Amino acid sequence: MQRYTRVAIGLHWIIALTLLGTIALGVYMHDMPVSPTKLKLYSYHKWIGVTIFVLVLFRLLWRLGHRPPPAPPSMPLWQHRAAAATHGALYALTLAIPVSGWLMSSASGFQVVYLGILPIPDLLAKDKALADQLKDAHQFLNMLLFALVVLHVAAALKHHLMDRDDVLARMLPLVKPRRKKP
Amino acid sequence: MNPKSGIAIAASLLALHASAMADNVDHARSQISFVSKQMNVPVDGQFARFTAQVTYDPRKPAASKAEIEVELASVETGSSEANIEVAKKTWFNIAAFPSARFVSSSVRALSQDKLEVKGNLSIKGISREVTFPVTVKTAGGSSTFEGAFPILRLQYRIGEGAWSDTDTVADEVQVRFRIVTTGNK
């Protein structure tokens with residue numbers, strides 16, 4: 001079995017866990033009454049978003065030099081296509097969502113200051129109506145991402161449990177490869 | 001109109017009249033704003049309504065006087081949630097202290113177009129002396145005063161309880177103003 005590189009596996013799981021945590025944090029903090037904790041959580045959410053953006057960029061660069069292992073030859077063409085489209089969309093969304101959050105923050109009049117140290121320039125001036133639209137966009141993109149993550153996980157489990165191939169195992173750090181069926 | 005709301009309006013007009021002073025400011029060109037830092041992010045805010053009476057004669061700068069009353073309920077913090085929050089007891093306590101007030105006590109000319117203004121700033125029942133430089137430009141009988149000074153919000157008990165955590169909202173708040181007096185008055 002040819003695995004993904006350690007770096008690719010590491011980035012995949014770090015990004016996966018952080019992403020789900022940040023989406024949960026976003027949903028939770030959104031409905032909180034105003035409090036110092038809420039202000040803190042919003043900042044953390046933004047910092048994590050910036051971090052995810054950078055990690056995804058790095059992952060894409062890494063991928064350019066380290067091609068993913070080939071899919072099992074038994075996989076039908078439509079599955080190749082579906083997998084490629086889903087992966088492409090996952091990459092696109094994990095980049096677009098932090099950008100939409102940053103723009104939304106700028107339009108709301110709150111600059112993003114990464115880790116409370118590094119100010120990220122505002123691309124947009126303060127504009128309440130635009131901020132509301134960007135907020136809707138941020139929410140929508142997140143729902144789309146969540147739906148694709150569910151599909152992605154379902155496909156991985158299907159490969160592992162039903163097709164009994166190595167598709168999931170090559171992204172798992174510790175699992176031994178399956179023995180080929182006779 | 002029912003009699004009750006009529007009385008309410010009359011009462012609020014009376015209240016308004018009692019607090020209103022002779023205002024000689026061109027409000028379209030004047031502004032009182034502030035910058036607070038939330039999680040180290042500078043956030044702009046302003047007060048839409050205030051009255052000010054400024055006496056200034058370039059030939060006798062030391063005789064200058066300024067009295068400014070800011071209607072705290074007109075605060076614009078940048079988010080509607082925060083506008084509601086700052087009206088509460090722990091912040092401005094607007095129900096008990098509807099306005100903030102600055103009254104100058106002395107004015108000194110630093111240069112041709114620069115003054116040093118000293119006075120008392122009262123917010124939320126607490127009065128403290130502040131001193132700050134002001135630049136002045138006079139043209140056509142109208143004068144423009146611009147300046148900024150820092151205040152420490154906790155000295156005025158702005159943001160009590162959980163909000164006194166200065167890691168979230170910094171203690172220092174920068175107050176900025178541009179006051180343009182109406183000409184020929």
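# Notebook: helices of chain A

I started with a crossing: helix 2 of chain A passes helix 3 of chain A in a left-handed crossing. I noted at once that this is a predicted model, so every value here is computed from it.

**Entry 1: the helix 2 and helix 3 pair.** I looked up the packing angle and found about 145 degrees, with the axes of helix 2 and helix 3 of chain A 9 Å apart. Next I listed who meets whom. From helix 2 of chain A come A:K46, A:G49, A:V50, A:I52, A:F53, A:V56 and A:L60.

**Entry 2: helix 2 by itself.** I checked the length of helix 2 of chain A, which covers residues 36–65. Its 30 residues, at 1.5 Å a residue, should span 44 Å, and the end C-alpha atoms are 44 Å apart, so the two agree.

Which residues of helix 2 of chain A are buried? I wrote down A:L39, A:Y42, A:S43, A:K46, A:G49, A:I52 and A:V56.

What covers the buried residues of helix 2 of chain A? The cover includes helix 1 (6–30), helix 3 and strand 1 (112–114) of chain A. Strand 1 (31–38) of chain B takes part too.

**Entry 3: the touch with chain B.** Chain A gives 12 residues to the contact and chain B gives 16. On the side of chain A, the largest share, four residues, comes from helix 2. By class, that side has five nonpolar, six polar and one charged residues.

**Entry 4: helix 3 and helix 4.** I then followed helix 3 (residues 77–107) of chain A to its contact with helix 4 (residues 128–163) of chain A. Their axes come within 9 Å and cross at roughly 155 degrees. That makes helix 3 of chain A roughly antiparallel to helix 4 of chain A, because angles over 145 degrees count as such. This crossing is left-handed. The contact of helix 3 with helix 4 of chain A holds 19 nonpolar, six polar and one charged residues.

**Entry 5: two single residues.** Where does A:W13 lie? I found A:W13 in helix 1 of chain A. A:W13 is partly exposed, with 13 other C-beta atoms within 10 Å. From A:W13 to A:H80 I read 67 residues in sequence and 22 Å in space, C-alpha to C-alpha.

Is A:D31 buried or exposed? A:D31 sits in the loop between helix 1 and helix 2 of chain A. It has 7 C-beta neighbours inside 10 Å, so A:D31 counts as exposed. A:D31 and A:Q79 are 48 residues apart in sequence and 39 Å apart in space, C-alpha to C-alpha.

**Entry 6: stepping back.** Last, I took in chain A as a whole. I counted four helices and two strands, running α-α-α-β-β-α from the N terminus on. The C-alpha atoms fill a box of roughly 65 × 30 × 30 Å along the principal axes. Of the 182 residues of chain A, 19% count as buried. Among contacts in chain A with a separation of 6 or more, 68% join residues 24 or more positions apart.

Technical notes: Residues are numbered from 1 along each chain as its sequence is written. Chains are lettered from A and ligands numbered from 1 in the order in which they are written. This is a predicted model: local features need pLDDT of at least 70, side-chain atom pairs count only at pLDDT 80 or more; totals for chains, interfaces and linings use all residues. Axes are lines fitted to C-alpha atoms, for helices over the stretch in contact, and angles run from 0 to 180 degrees between N-to-C directions. Angles under 35 degrees count as roughly parallel, over 145 as roughly antiparallel, 65 to 115 as roughly perpendicular and the rest as oblique. A crossing is left-handed if the near helix is turned anticlockwise from the far one by less than a right angle, and right-handed if clockwise. Ala, Val, Leu, Ile, Met, Phe, Trp, Tyr, Cys and Pro count as nonpolar, Asp, Glu, Lys and Arg as charged, and the others, Gly among them, as polar. The expected span of a helix is 1.5 Å times one less than its number of residues. A residue is buried if 20 or more other C-beta atoms lie within 10 Å of its own, exposed if 12 or fewer, and partly exposed in between; C-beta atoms are placed from the backbone. Two residues are in contact if their C-beta atoms, placed from the backbone, lie within 7 Å.
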